[in-house]
Amino acid sequence: MKKIILLLLLITVFASCHDDKSNEETEIKKVQTVIMYLPWTDDNMINAFHNNIKGLEQAIVNMKGTQGRRVFVFMSENKQEASLTEITYKNKKCVHDTLKRYLFSGNEYATPNGIAGIICDIKEFAKTPHYAMIIGCHGMAWIPKGTKIEHFAPFVKPRYGMVVDEWKQTRFFGHSSDKEYQTDIAELSRAIDMADVHLDYILFDDCYMANIETAYELRRNTDFIIASPTEIMLYGMPYDMMGKAVMTMDWKVACNEFFTFYNGYKYPCGTISAICCEELENMAAVMKDINTTHSFDERLLDKIQIYDGLSKHIFFDMEHYVRYLCKGDQMLYSRFTQSLARLVPAKAATKTFYSVYNNAETPITTYSGISISDPSTNKAAESKTVTEWWRATHN
């Protein structure tokens, strides 16, 4: 009789464990909240955003659950309306629970107070010890909102909609012309501070965001930045392929998956890197020593690897620039490359990058994974001297 009772107890325990594993969302204690922030950008981005959400859902399905994470999506369908939903995994598929709907009178959600408010709303729903953000919109690195970008290549008409083929559109052109719905990087940093969170990572699904000036501004807000130093195609990040690596913070795998996708894309143009913010202060110290003892010869500007399609460039490969800046000083250059290896632990790039500025593909002959605007003579980059990066490395 005792053997029968013991057997029944074992069967009951096994069945209970099996039921728990079939619904892993309740099995694992949530330790991280992932926020996908998709603010109003323009009508052109809506379909891409929906596809990005589906891609992230597919990654969760492939993982058979969020595995200790809560995943929230803030998305604006138009200038006034937005929703906050949570993605959960149930019965082998993803479902969306709408937690809050927003009705805005203006651009509140693009301000530090507005962004902080959204993060705080999510914190009320998910009290986890760790947070991370995926930000999808247009991007222009550190360039202040409202800046007029000039010096287009002469054969290109600089207006939104000039590229008819959707495959060739990127995440820069469009709503970047409406400064009311733009957010400066300093404002984003302030919003994160106001929300009282420190992020495990920020993934920028936007153009030009793997940039030293941008990273330095955000150095206290996050541990890692995953982004592209060039324009990102309208399709954005292939979350179905790289989503698991992103959520598990395996940056080398994430970059490799990104490369695999874009190397086989209709227009095989894509760059990505992971930036370790812990190294930024050391890099700033190295660059200050370099700038104190060396001056850049502007006659060499045309030799540096560029990352935009302008005729007067704003974004240059950082390593390539410093190589020319330090020419002949092997000791300082070696200090820089050692810091760079720690700063950018993972990266990948196709053979070319595409820009809507000149509607052309530009060869990538050297790739450090991070851009710099120090040598730019473009009028749009004049305010570089007031960035935190410039003050830390030039004064």
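Helices (H or I, at least four residues) and strands (E, at least two) are DSSP runs, numbered from the N terminus. The structure is a predicted model, in which local features need pLDDT of at least 70 and side-chain atom pairs count only at pLDDT 80 or more, while totals for chains, interfaces and linings use all residues. Residues are numbered from 1 along each chain as its sequence is written, and side-chain values use heavy atoms, with hydrogens and water left out.

The buried residues of H3 are Met45, Ile46, Ala48, Phe49, Asn52, Ile53, Gly55, Leu56, Glu57, Ala59, Ile60 and Met63. Here, buried means under 20% relative accessible area, exposed means over 50%, and partly exposed lies in between (1.4 Å probe, protein chains only). An α-helix has 3.6 residues a turn, so residues three or four places apart point the same way. After H3 comes Lys64, whose phi is positive, near 60°.

In soluble globular proteins, nonpolar side chains tend to be buried together.

For the protein as a whole, 12 helices and 13 strands were assigned. Of its 395 residues, 57% are buried. The accessible surface comes to about 17,800 Å², and carbon and sulfur atoms account for 53% of it; these areas come from the Shrake-Rupley method with a 1.4 Å probe, and for residues only the protein chains shown count as cover. Among contacts (heavy atoms within 4.5 Å) with a separation of 6 or more, 76% join residues 24 or more positions apart.

A search of the whole structure finds 11 salt bridges, each defined as a side-chain nitrogen of Lys or Arg within 4 Å of a carboxyl oxygen of Asp or Glu. In one of them, the closest N and O atoms of Arg70 and Glu86 are 2.8 Å apart. Because Arg70 lies in strand E2 (residues 69-76) and Glu86 in strand E3 (residues 81-90), this pair ties together parts that are 16 residues apart in sequence. Arg70 is partly exposed, at 22% relative accessible area, whereas Glu86 is buried, at 8%.

A further salt bridge is formed by Asp121 and Lys100, with the closest N and O atoms 3.1 Å apart. Asp121 belongs to helix H4 (residues 112-125) and Lys100 to strand E4 (residues 93-103), so the pair ties together parts that are 21 residues apart in sequence. Asp121 is buried, with a relative accessible area of 18%, and Lys100 is partly exposed, at 33%.

Arg335 and Asp289 form another salt bridge, in which the closest N and O atoms are 3.0 Å apart. This pair links distant parts of the chain, with Arg335 in helix H11 (residues 330-343) and Asp289 in helix H9 (residues 280-293), 46 residues apart. Arg335 is partly exposed, with a relative accessible area of 33%, and Asp289 is also partly exposed, at 33%.

Glu187, in helix H5 (residues 185-194), is buried, with a relative accessible area of 13%. Its side chain makes a polar contact with the side chain of Lys145 (3.1 Å), and a polar atom of the Glu187 side chain lies 3.0 Å from the backbone nitrogen of Asp184. Beyond neighbours within four places in sequence, Glu187 is in contact with Ala110, Pro112, Lys145 and Gln182.

Asp223, in strand E7 (residues 222-227), is partly exposed, at 34% relative accessibility. The side chains of Asp223 and His198 make a polar contact (2.8 Å). Asp223 and Cys277 are 54 residues apart in sequence, yet their C-alpha atoms are 5.3 Å apart in space.

Key
Polar contact = N/O pair within 3.5 Å; in protein donor to acceptor, adjacent residues only side chain to side chain.
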